[in-house]
Amino acid sequence: MAPGLFAYEALANFNALLTSADPYKNPFINPGFKDCWLVTYNWSLYDKLKYLLTHRAVAYEYAHKGYYASIKYNNKNYAAHILMSNLKRIS
């Protein structure tokens, strides 16, 4: 499972993100986003949310990492670079 547009919008707005998208198991997630969110499944949602709410420094750290990864990788210049490298690779 990969994060959707809403998840990337949340990261770009300096939020700590809880999602089931696991960058260590999904090869389609940009490696730059590893450790930018807290991987959370439905059975652990309460515990992980409680953890972030009681450990504000950890929530800030996730928000900080996600924000800067979002700035670096979610822009038109990076998308153009990836597109051109893929086009060069297949031609």
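These are my notebook entries on a few features looked up in a predicted model.

**Ground rules.** I number residues from 1 along each chain as its sequence is written, and my side-chain values use heavy atoms, with hydrogens and water left out. Because the model is predicted, local features need pLDDT of at least 70 and side-chain atom pairs count only at pLDDT 80 or more, while totals for chains, interfaces and linings use all residues.

**Salt bridge.** I searched the whole structure and found one salt bridge (a side-chain nitrogen of Lys or Arg within 4 Å of a carboxyl oxygen of Asp or Glu). Glutamate 61 pairs with lysine 65, and their closest N and O atoms are 3.3 Å apart. The two are four residues apart in helix α3, so about one helical turn separates them. I take helices (H or I, at least four residues) and strands (E, at least two) as DSSP runs numbered from the N terminus. Glutamate 61 is partly exposed at 43% relative accessibility, and lysine 65 is partly exposed at 34%. Here buried means under 20% relative accessible area, exposed over 50%, and partly exposed in between (1.4 Å probe, protein chains only).

**Valine 58.** I placed valine 58 in helix α3, residues 56-73. Not counting residues up to four places away in sequence, valine 58 touches Tyr51 and Leu52 (contact means heavy atoms within 4.5 Å). Its C-alpha atom is separated by 19 Å from that of glycine 32, 26 residues apart along the chain.

**Positive phi.** Phenylalanine 14 has a positive phi of about 60 degrees and is found in the loop between α1 (5-12) and β1 (18-19). Aspartate 35 has a positive phi of about 65 degrees and is found in the loop between β1 and β2 (38-39). Phenylalanine 14 is partly exposed, with a relative accessible area of 30%; aspartate 35 is partly exposed at 40%.

**Largest pocket.** I looked up its volume and found about 170 Å³ of space. A pocket is an open set of points on a 1 Å grid over the protein atoms alone, where a 1.4 Å probe fits, with protein on both sides within 12 Å along at least five of seven lines; lining residues have an atom within 4 Å of a point. Grid points are joined across faces, edges and corners, and the volume is the space filled by probe spheres set on the points. The lining includes Tyr8, Phe28, Phe33, Tyr73 and Tyr78. Helix α4 gives the most to this lining, with three residues.

**Leucine 87.** I found leucine 87 in helix α4, residues 76-90. Leucine 87 is partly exposed, with a relative accessible area of 40%.
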